[in-house]
Amino acid sequence: MKPDARFLPLILFALLAALCAAPLIKGVDPARHDSALIGKPKPAQPTGIDTKGAPVLVNFFASWCVPCAAEQEDLLALSRAGLAVYGVAYKDDPKAVRDFLRRHGDPYRGRTQDGGAVALDWGVTGVPESFLVDGQGIVRARWQGAVRRDEVEKALAALKEKTP
Amino acid sequence: MKKISAALGLLLLLSSPAFAVTPDEILADPALEARARAITKELRCVVCQGQSVDDSDAGVAGDLRRAVRAQLQKGATDDEARAFLRARYGDVILMRPPMGGRTALLWMGPGLILGIGLFAVWRLTRRAGGAS
């Protein structure tokens, strides 16, 4: 037996351990996936979204959803900072939506009621979910769960760098 | 005791499995319905990822079942119905991910590991045979 062959199992084990440890250390969540829409034109629904030149945020929400209430403050701040935020009320009662927006503030430039068909076109798995669409109508980013202001601002800055 | 267990066994025969598919989703055309069932059994529920869309009680899974049925009713082929959802939810929606750069290890892995094992066994037995 050559002397280095003895270490082969150890080396193989180290490689396997590194392969398994890398996603753990990087914090990759295997349950999260990039949206299939990224880099593609936004779906036709909901209508009334104006992406002429400036990026917009499309936010799926519901009055019965707790993280949706939590993200309203950040959406309001983004809206005040000049970003057009469009809301899609997912499987919700219009009156409950109005009450929700009265309580938590209304960040939306436009709002649609959706029974599930719009969410299906965007590949939404649950609320809240938000999509950043650039000025050309191309989907650039997706956030599952409550979105934070700084995450959106970072994505907006990255968009600006790409298209000066 | 025997009687009780026999009675319990009989009760079990009376029970039926719980299906996630609700009666209002089922298509009138049995052939279309069978195709829809076959497709949704191979779709991953996007909320509870170990379950198929056919098995899941999640609201989104119900929407996906209805979407597949609507596609089939419009005359889509099985592949077109799958592609419809794949365009929206990505490869994750497929229980059997397509073979590709990122999934090569997933598909080849078991064979690769078996190969390494067989090679190791072959080496060890050859050496043992040589020594005796």
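Reply: A quick definition to start: a salt bridge here is a side-chain nitrogen of Lys or Arg within 4 Å of a carboxyl oxygen of Asp or Glu. Keep in mind that this is a predicted model. Going by that rule, you get 16 salt bridges over all chains.

Let's start in chain B, where the side chains of B:D91 and B:R86 pair up at 2.6 Å, N to O. B:D91 is partly exposed, at 37% relative accessible area, and B:R86 is partly exposed too, at 35%.

Over in chain A, A:R140 and A:D134 form another salt bridge, with their closest N and O atoms 2.9 Å apart.

Some links join the chains. A:D121 and B:R88 meet in a salt bridge with an N to O distance of 2.9 Å. This pair runs from helix 4 (residues 117-121) of chain A, which holds A:D121, to helix 4 (residues 78-89) of chain B, which holds B:R88. With a relative accessible area of 18%, B:R88 counts as buried.

While you're in chain B, have a look at helix 2 (residues 30-41) and helix 3 (residues 59-73), which pack at about 135 degrees with their axes 10 Å apart. That angle makes helix 2 of chain B oblique to helix 3 of chain B.

Note on methods:
Residues are numbered from 1 along each chain as its sequence is written. Chains are lettered from A and ligands numbered from 1 in the order in which they are written. This is a predicted model: local features need pLDDT of at least 70, side-chain atom pairs count only at pLDDT 80 or more; totals for chains, interfaces and linings use all residues. Side-chain values use heavy atoms; hydrogens and water are left out. Axes are lines fitted to C-alpha atoms, for helices over the stretch in contact, and angles run from 0 to 180 degrees between N-to-C directions. Helices (H or I, at least four residues) and strands (E, at least two) are DSSP runs, numbered from the N terminus. Angles under 35 degrees count as roughly parallel, over 145 as roughly antiparallel, 65 to 115 as roughly perpendicular and the rest as oblique. Buried means under 20% relative accessible area, exposed over 50%, partly exposed in between (1.4 Å probe, protein chains only).
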